[in-house]
Amino acid sequence: MNIIFLIILRKKSTFIKHLRVDCISRGPVKPSSSALYQNINCKLLQASSFNQSSSVLAESTMMWYHSTMKALILVGGFGTRLRPLTLSFPKPLVDFANKPMILYQIEALKATGVTEVVLAISYQPEVMLNFLKDFESKLGIKITCSQETEPLGTAGPLALARDILADKSGEPFFVLNSDVISEYPLKEMIAFHKSHGGEASMLVTKVDEPSKYGVVVTEESTGKVERYVEKPKIYVGNKINAGIYLLNPSVLDRIELKPTSIEKEIFPKIVSENQLYAMVLPGYWMDIGQPKDYITGLRLYLDSLRMKSPSKLASGAHIIGNVLIDESAEISDGCLIGPDVAIGPGCVIESGVRLSQCTIMRGVCIKEHACISSSIIGWHSTVGRWARIENMTILGEDVHVCDEIYSNGGVVLPHKEIKASILKPEIIM
């Protein structure tokens, strides 16, 4: 990938003493000019006064840069926390806001300049690859699978993919947990990583209840990690590991090919050598690996979409708050939809339906006057007339709920027909 950094300055009677151009990339350069250098950190350009008609064209010395940056996504295993949805598809292919959740990460990595993504996976790798091969050509990024024959934790998969990640470029590589949804400030993370010169960088986010996460205690001015405490029993801080890392290839030398935790075994060693730095994540963050957090994550994502791309959200008299509707979905008159709703491709929403805080996946039919809230309706399911679905009900693929049925937190496995109400949270086998 060739990148040209071009800066044009147009000012009225302005004096600029120094213009600092930060170049955060390194690698082979196109040898077409003696002014081009490899492994450049910065270039100070000086300019004198400008008048109204003047312009200065400043080209950084790093004009051409071939990126070979790579990333590994920790896909994991069976996705038990998102069952029954993961009984039909591997967890990364489960829809989130109308597209498979892993595509958000792959698209963000591609936009950052990553050329190859490795999926560390132990469950249904052939399903993943068959699905993603179309996106591989559309996005122009190489996607490969590194299959574990036994669970290797959060660090072991890096050792398994060592030959791919540790190439001759010496570039750092990204590691992401596949459950994480955020704004992915990966370009900013690269700049942060280059600036501190340490061996590893991580993103952290602030939460109200840090005790169920890995808490990161940092030096405020530099971001240097002083302590990493996994699920502390007493309060030590509110910054938690956001599950997105940028690591130098030397980190791979610390990891053996065996089940290993990067949080409990690798990071503490790097911290002890003052080589781990943390950058506070701007914007929203959520681990969407379980239904309650999935619904919360949808709200946060739609809030972000409202600020950045409001035209992608639905509008009209029947819409309340943030609602995402695929253009192929059919919405009848008399519905009230929102807030925080995603309706997927090919869905049919009949008249009088009420939807709030829910996901309606591809091919679903919601019949007249049904009411759905705080729930996930799986692919190609049907919800009958005057049915009421609420309290984190999860319908698997091809579930058919009969007319006038009530579900209070039911978790229904694929290909079932529900003829009786579910009065309390339970699993329907």
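How much accessible surface does the protein chain have, and what share of it belongs to carbon and sulfur atoms? The accessible surface comes to about 20,000 Å², of which 50% belongs to carbon and sulfur atoms (Shrake-Rupley method, 1.4 Å probe). This is a predicted model, in which local features need pLDDT of at least 70 and side-chain atom pairs count only at pLDDT 80 or more, while totals for chains, interfaces and linings use all residues. Residues are numbered from 1 along each chain as its sequence is written, and side-chain values use heavy atoms, with hydrogens and water left out.

**Overall fold**
- The protein chain holds seven helices and 33 strands (DSSP runs numbered from the N terminus: helices are H or I with at least four residues, strands E with at least two).
- Of its 429 residues, 50% count as buried (under 20% relative accessible area, 1.4 Å probe, protein chains only).
- Among contacts (heavy atoms within 4.5 Å) with a separation of 6 or more, 52% join residues 24 or more positions apart.

**Six-stranded sheet**
- Six strands form an open sheet in the order E19-E22-E24-E26-E29-E32, with parallel pairing (two strands pair if DSSP finds at least two bridges between them).
- Strands E19 (330–331) and E32 (417–418) stand at the edges with a single partner strand each, so one side of each has no neighbour in the sheet.
- Strand E29 (residues 400–401) runs parallel to E32 and is joined to it by two bridges; Val401 stands opposite Ile418 in E32.

**Largest pocket**
- The largest pocket has a volume of about 950 Å³. A pocket is an open set of points on a 1 Å grid over the protein atoms alone, where a 1.4 Å probe fits, with protein on both sides within 12 Å along at least five of seven lines; its volume is the space filled by probe spheres set on the points, which are joined across faces, edges and corners.
- Its lining (residues with an atom within 4 Å of a point) comprises 36 residues, of which Arg81, Thr154, Asn177, Glu263 and Asp287 lie nearest the centre.
- Strand E15 gives the most to this lining, with four residues.
- By class, the lining has 14 nonpolar, 11 polar and 11 charged residues (nonpolar: Ala, Val, Leu, Ile, Met, Phe, Trp, Tyr, Cys and Pro; charged: Asp, Glu, Lys and Arg; polar: the others, Gly among them).

**Second largest pocket**
- About 430 Å³ of space lies in the second largest pocket, and Lys99, Tyr104, Tyr301, Leu305 and Lys312 lie nearest its centre among 17 lining residues.
- Helix H7 gives the most to this lining, with four residues.
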